[in-house]
Amino acid sequence: MTDTTEAEPQALPGDGLREGLVDELRRRLGEALVATELRPNDDLWVRIDTASWREAGEALAAMGFEYFCYLSAIDWMPSPYGRGEDDPTEPPPERTTEVVQGVTGGATRFQLLARVTDTRRHVGITLKSDVPDDDPTMPSWSAVYAGANWHERETHEMFGIGFAGHPDLRNMYLPTEFEGYPLRKDFPLLARMVKPWPGIVDVEPMPADEAVPTESPDVEHAETDSTAVAAAAAAEPDTSEPGDAST
Amino acid sequence: MTDLSERQQLSYIAGQAADARLNVELETEGMTLNIGPQHPATHGTLRIIVRLDGEQVVWAEPSCGYMHRGYEKLTEVRTYPQVTTLVNRIDWLGSFANEVPFILAAEKLMEIEAPPRAQWIRTILFELSRIANISLFLGDLGVQLGAVTPAFFAFRDREHVLNLIESVTGGRFHPNFDRIGGLKDDLPKGFVDETRRVMRKMRTYCDEIDDLLIGNEIFQARTRGVGIIPKDVALQYGLSGANLRASGVDWDLRRDQVVPMAWDDVDFKVWTHPDGDSFARCWVRLQETREATKIVDQLLDGLPAGPVMAKVPRIIKVPAGEAWVSTENPLGEMGYYVVSKGDLGPFRVKIRSASFNNISVAPWVLRGVYVPDVITILASLYFILGDIDR
Amino acid sequence: MSVAIEIPYWGQSLLRVLGGIVAVLLPAGTIVYVFLFKMMSFMQSRLGPMEAGPYGSMQLFAEVGKWMQKEDTAPAAADHRIFKMAPLIVLLSTFLLVAVVPFGPDAWLTNFETGVFYGLAVSSISVLGILVAGWSSANKYSLLGGLRAAGQLIAYELPLVLAAIGVVIQAGSMRMQDIVVAQNAGSIFGWDGVGNPYLLTQGVGFLVFMIAVQAELTQPPFDMPIAESELVSGYMTEYSGFRFLIFFIAEFATVGVFSLIASVLFLGGWGVPFAWFGWEGIDDVDNWMNVVGPLIMVNKMLVLSFLIMWVRFSFPRFREDQLQRFAWKVLIPVALANIVVTAILKVAV
């Protein structure tokens, strides 16, 4: 009735296997395989030409990468709002919005990101592909991997990337009439915009930061009472992070 | 085996027939039923729109987003230690397990590794979250199928596991205990003995559920042959965890990939089931809970001594780079694709949660089944709303 | 019959009406408190209500008070008059049903010639109430629940009747009182130590009857019309306040009344084996049995409703088609075979 397998520690899927995969992918896709990056003992990235995105999916499915893990996108433009910690009363600081791509490079602001896995050979591939800046539309994977359907819907509503050949690009999460694409970096996180981030206000210096000796208001008040000073001094070591012990 | 797949074929044909009836002139009047967002069976706020012909589902479409909290956006304005607080709330029944892959990804980018003792304690807490999560699933399964008693057994015994988690982390639901480079603290005194006792109790609980629910004839009649997901479909939709293994795919990230956790050092069995139906999914989960208690026992035996925190800078800046780490969470494969630009916080985090993929198969598998089977199938697929919507 | 105290006719009628109300509400309250609150809690390793009164014994009144206070709402699209009437129809069937149950040699509400026939007939009035409740709520879940209830109650009416027919054949009468007497005055192949409770000689019939009762009461594993996890609460979804309370009372009162009927049909009713006291027939039974009889009935009722509740708390729910298949392919053939065997034995022995 049940088919069980002993949990034998499997051999690490070698980098040789990954190199072989790159070779096979290059054989199947040719020029469409723009760039690859193999981090030893870790993972394999490949960048696919925009037009061949769908063919790449088909090739991988044929190579045994049957397990569809996820599909999403990255907006490589740094956010013009930083981390949302600016004081709204001050004029916003100058920030670079220069687009710098990550692993395997690229040429466009948006990149598609996907991952498929071969459950037999225990190896996964992360795929990337440039999304054209002027017309952010990519071929759809929903016919290749059925699970890509929902992921493409999500990517569409979060990044505004269209998918040609997708049966139904309705919004997954947001209301139908929602405007804007929340995960684009130029979409402001309004909660951070309307009021300063409280975390930036009540930062206290670390106790071990002796370079900046600060007197807390409590101590000033307690100047007349020497026992309170002693109590505050005694309480001080407790405020240190437990992680400090090992540093 | 064969008559089960025949039944699936029949239900598919019935679905087609219901479709056809809607298209001819003598159509029976269909009915669109909204199951949720407020419904006892959706444990959360999932809404499933089903088109019914009598009691038969013509098509079904889950509608998510009632709990979308925008974590992927929020991670971009948080520092790395702050992100663990967010990801805690994705799968809220197995919170600690959500933190681990993110921390591992950050550690991978920083090229540090937690000390062995921290890895072992992480694995113990990870498996405890799995037990807490799946034991509640097993109880809830009864409620979905009309038997109320198992749910109370589940709450009774899960309490002990939550107490254990609380004794280590101080939090029952959202521990937020994992740190880059190790753990916040060491185990408390007496944890090992207490855990062994609780693991024995959980094994008894599994036996009880096996007797009361999984072995019950009515339960089997309700679940066997219902909602069959064949191997290739499961893979295509990216089903993971017990759902994938119940479809006969022998794939467990704990065994099949290398992460700096202690799973390599223990001996455990990866259970699979060839049927792919609702029963198989429940059965695999029951076996997994048993297996998890054994893993915890073994980990307690070999717990290494040493520090629980590696040397990390006080202010954590993660070097630029990209990393993908996924682990076998209670619900399935949970992974984070972390892009760093050498900043205090991540540049982009793609959260790959298990339930999103697991529930995306629903329109396919719900076609042509009856309304009670909708509940059975959804219960057996086991989703958590926070894990779908993130 | 020898009634020591002569009670005028109006007095007897009043006693019977009051007795009927007590016979419906007392079992309902007992079942809810003892089984639903306490026994279920202990089975599920918890305590149940503990705050209202000693061991939560006043919880029932608290619950009733809570429901009475609540607003009596109805959906805008509901068929208001029928919507409001439906719970009363369901409760009505319970009151009509208890009318044929004898509690003692003279302590009966009515003494029909065709008591069994009448009982089984009025028990199906509740189907009407449930069906109109489901339809008039203007709610899709309620509609599905109502339709499921109609299908289920009609399907299980049949095994219920067929199982009772075995008893009727053996007793040779449809009068409930005669069935009680036949069991207590009877003997099993000449041995009259315990009389002839039909639990022993109609065992198959008893099994079929109790399963059918479980389905008639829409208790798990046959609770598809309510099916909390599927249909929210089935036909009761839109009801609140005291109308829901009436449904609730009717549900548990019917458990009690069906247990009473089952104990009359299969457990010897109010009687004790007549051989113990040397009674020959109903005319010899002493007057104190009018007091002890009801107590015996309550105990038997509690035993049977314990069984019903025990099953309720333990089993998951069938699917609608499995339920129908079980009724038509298993229960009805078994009940028919039981009738045939009973009839043959009746004629042969």
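**Exercise 1. Work out the order and pairing of the open sheet formed by three strands in chain B.**

Solution. Start with the order: the open sheet runs E1-E2-E3 in chain B, with antiparallel pairing. Strands here are DSSP runs (E, at least two residues; helices are H or I, at least four), numbered from the N terminus, and two strands pair if DSSP finds at least two bridges between them. Next, look at the edges: strand E1 (31-35) and strand E3 (56-63) of chain B each have a single partner strand, so one side of each lacks a neighbour in the sheet. From one strand to the next, the twist averages 20°, using axes fitted as lines to C-alpha atoms and angles from 0 to 180 degrees between N-to-C directions. Finally, zoom in on one pair: strand E2 (residues 47-53) of chain B and E3(B) are joined by seven bridges, and B:Asp53 has B:Gln56 as its bridge partner in E3(B).

A word on the model before we go on. It is predicted, with local features needing pLDDT of at least 70, side-chain atom pairs counting only at pLDDT 80 or more, and totals for chains, interfaces and linings using all residues. Residues are numbered from 1 along each chain as its sequence is written, while chains are lettered from A and ligands numbered from 1 in the order in which they are written.

**Exercise 2. Describe how strand E9 (residues 348-352) of chain B is covered.**

Solution. Last, find the partner: five bridges link E9(B) to the antiparallel strand E8 (residues 332-340) of chain B, and B:Tyr337 is bridged to B:Lys350.

**Exercise 3. Characterise the side of chain A that touches chain B.**

Solution. Begin with the totals: 44 residues of chain A contact 49 of chain B, a contact being two C-beta atoms, placed from the backbone, within 7 Å. Among the elements giving two or more residues to this side of chain A are strand E5 (110-118) and helix H3 (148-159) of chain A. E4(A) gives the most, with six residues. By class, this side has 21 nonpolar, 16 polar and seven charged residues; Ala, Val, Leu, Ile, Met, Phe, Trp, Tyr, Cys and Pro count as nonpolar, Asp, Glu, Lys and Arg as charged, and the others, Gly among them, as polar.

Definitions and conventions:
Buried ≥ 20, exposed ≤ 12 C-beta atoms within 10 Å, placed from the backbone.
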